[in-house]
Amino acid sequence: MPMVAFFVILILSVVASRTYAVQHIVGDGGGWTNSGDYTTWASSKTFNVGDTLLFNYGGSHGVDVLSKADYDNCGTSNAINSYTGGTTTIKLTQAGPMYFACPSFGHCSLGMKMAINVVSKATTSPTTTTPPTSDDNQSPPSSTTPSTPATSSPTGESSGTSMVVVAWLSLILAPMAVFMC
């Protein structure tokens, strides 16, 4: 029966990893610097609504959230948001493209900028088709999307607490499964 315990832990781990927000450390170990390749870094990631970006950088840098036009031109004077202080966490709250750059003179044009695409975790609802009736006035089938109640998954700061709960549950359930058999 150790296999049962293994599968219980495996299932809980998979479910937990799919429902909780991810904190992406920009540039990984290298951080937010002049020498980072943020195009390549961002292309290897999937950014979901609810995830966060953690920027770690030195005192000569900062993080500006920009419009696409300002990103393309490295114009940081009209930043949507501007951050300094060495560590910045930005929560990804809506789907769509986001643009970031260092506001220090010349840094953006040297490549210290990043564009990401944030995707929604929402799944598409199944579509059902109503068959046509047998009367003479034939009309094309109509499609409807069933309404489903909105669900939310823990994100942000509460996800740490939820992960601890899932871990404790797996530690309790696994031995119980072993002793039951």
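## Surface and burial

The accessible surface of the protein comes to about 11,400 Å², and 60% of that area belongs to carbon and sulfur atoms (areas by the Shrake-Rupley method with a 1.4 Å probe). Of the 181 residues of the protein, 28% count as buried, where buried stands for under 20% relative accessible area, computed with a 1.4 Å probe and protein chains only.

This is a predicted model, in which local features need pLDDT of at least 70 and side-chain atom pairs count only at pLDDT 80 or more, while totals for chains, interfaces and linings use all residues. Residues are numbered from 1 along each chain as its sequence is written, and side-chain values use heavy atoms, with hydrogens and water left out.

## Elements and contacts

The protein has four helices and ten strands, assigned as DSSP runs (helices H or I with at least four residues, strands E with at least two) and numbered from the N terminus. Read from the N terminus on, the order of the elements is α-β-α-β-β-β-α-β-β-β-β-β-β-α.

Among contacts in the protein with a separation of 6 or more, 68% are between residues 24 or more positions apart, a contact being heavy atoms within 4.5 Å.

Three strands form an open sheet with mixed pairing, in the order 1-3-6, where two strands pair if DSSP finds at least two bridges between them. Strand 1 (23-25) and strand 6 (87-91) are the edge strands, each pairing on one side only.

Strand 1 and strand 3 (residues 52-56) pair in the parallel sense over three bridges, and Leu 54 in strand 3 is the bridge partner of Ile 25.

Terms used. Buried < 20%, exposed > 50% of the residue type's maximum accessible area, 1.4 Å probe, protein only.
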